Amino acid sequence: MKSISMREFLLKKEKGSLFFIDIREHYQYERGTIQGAKNIPYHLLKETPENYLLKEEVYYLFCENGFQSSRLVAFLEKKGYQVIDLEGGYEAFLKYKNMIK
């Protein structure tokens with residue numbers, strides 16, 4: 001399973017456009033997310049990834065703490081999708097964001 005630290009991801013994000021997906025439920029997404037993230041809840045991506053993902057694109061997935069996204073990345077990789085887990089999820093983003101202020 002491929003993964004990347006939040007620091008590495010944010011540096012890549014600054015350099016260009018990336019596809020990144022917040023797989024938390026919509027109410028969690030509405031409370032806060034990483035700017036530019038698209039919200040596609042876990043269950044939708046797991047049940048019908050073909051409705052949301054292209055196999056030739058690379059996607060970065062995150063959840064609240066990294067647990068669900070790592071499981072989903074492993075599942076989607078087996079189906080042939082190019083997905084990368086953001087280690088630590090949204091909680092890691094908040095910690096990193098607060099450290100650099």
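Reader: What makes α1 and α5 roughly perpendicular to each other?
Author: Angles from 65 to 115 degrees count as roughly perpendicular, under 35 as roughly parallel, over 145 as roughly antiparallel, and the rest as oblique. Helix α1 (residues 6–15) and helix α5 (residues 89–99) pack at about 75°. Therefore α1 and α5 are roughly perpendicular. Their axes are 10 Å apart. Axes are lines fitted to C-alpha atoms, for helices over the stretch in contact, and angles run from 0 to 180 degrees between N-to-C directions. This is a predicted model, in which local features need pLDDT of at least 70 and side-chain atom pairs count only at pLDDT 80 or more, while totals for chains, interfaces and linings use all residues. Residues are numbered from 1 along each chain as its sequence is written, and side-chain values use heavy atoms, with hydrogens and water left out.

Reader: Which residues of α1 and α5 meet?
Author: Met-6, Arg-7 and Leu-10 in α1 meet Gly-89, Ala-92, Phe-93 and Tyr-96 in α5. Contact means heavy atoms within 4.5 Å. By class, this contact has five nonpolar residues, one polar and one charged. Ala, Val, Leu, Ile, Met, Phe, Trp, Tyr, Cys and Pro count as nonpolar, Asp, Glu, Lys and Arg as charged, and the others, Gly among them, as polar.

Reader: How do you know what is a helix and what is a strand?
Author: Both are DSSP runs, numbered from the N terminus: helices are H or I with at least four residues, strands are E with at least two.

Reader: What makes a set of residues a nonpolar core?
Author: The set must be buried Ala, Val, Leu, Ile, Met, Phe, Trp, Tyr and Cys residues, joined through side-chain atoms within 4.5 Å. The largest core here has 15 residues. Those with the most contacts inside it are Met-6, Phe-9, Phe-20, Ile-34, Tyr-60, Phe-62 and Leu-86. Helix α1, β4 (58–62), β5 and α5 each supply at least two residues of this core. The largest share, four residues, comes from α5. A second, separate core of 14 residues includes Ile-40, Val-73, Tyr-81 and Val-83. In soluble globular proteins, nonpolar side chains tend to be buried together.

Reader: Why is Phe-9 with Phe-20 called edge-to-face?
Author: Rings of Phe, Tyr and Trp (its six-membered ring) pair if their centres lie within 6.5 Å; planes over 60 degrees apart count as edge-to-face, under 30 as stacked, and the rest as tilted. Phe-9 and Phe-20 are 5.1 Å apart, centre to centre, with 75° between the planes. That makes the pair edge-to-face. Phe-9 lies in helix α1 and Phe-20 in strand β2 (residues 19–22), so the pair ties together parts that are 11 residues apart in sequence.

Reader: What makes Phe-9 with Tyr-60 tilted?
Author: Their planes are 50° apart, and their centres 5.4 Å. The angle falls between the two limits, and the pair is tilted. Phe-9 is in helix α1 and Tyr-60 in strand β4, 51 residues apart, and the pair links these distant parts of the chain. Ring pairs link Phe-9, Phe-20 and Tyr-60 into a cluster. The structure holds four aromatic pairs.

Reader: Is Leu-76 buried or exposed, and how do you know?
Author: Buried means under 20% relative accessible area, exposed over 50%, partly exposed in between (1.4 Å probe, protein chains only). Leu-76 has 0%, so it is buried. Leu-76 sits in helix α4 (residues 67–78). Not counting residues up to four places away in sequence, Leu-76 touches Leu-45, Pro-49, Leu-53, Leu-61, Tyr-81 and Val-83.

Reader: What makes Ala-37 buried?
Author: Its relative accessible area is 7%, so Ala-37 is buried. Ala-37 is in the loop between α2 (26–31) and β3 (38–39). Beyond four places in sequence, Ala-37 touches Phe-20, Asp-22, Tyr-29 and Phe-62.

Reader: Why are Lys-46 and Gly-88 called partly exposed?
Author: Lys-46 has 34%, so it counts as partly exposed. Gly-88 has 27%, so Gly-88 is partly exposed too. Lys-46 is found in helix α3 (residues 42–47), and Gly-88 in the loop between β5 (82–86) and α5. Neighbours within four places aside, Lys-46 is in contact with Leu-72 and Phe-75, and Gly-88 with Glu-64, Asn-65 and Gly-66.
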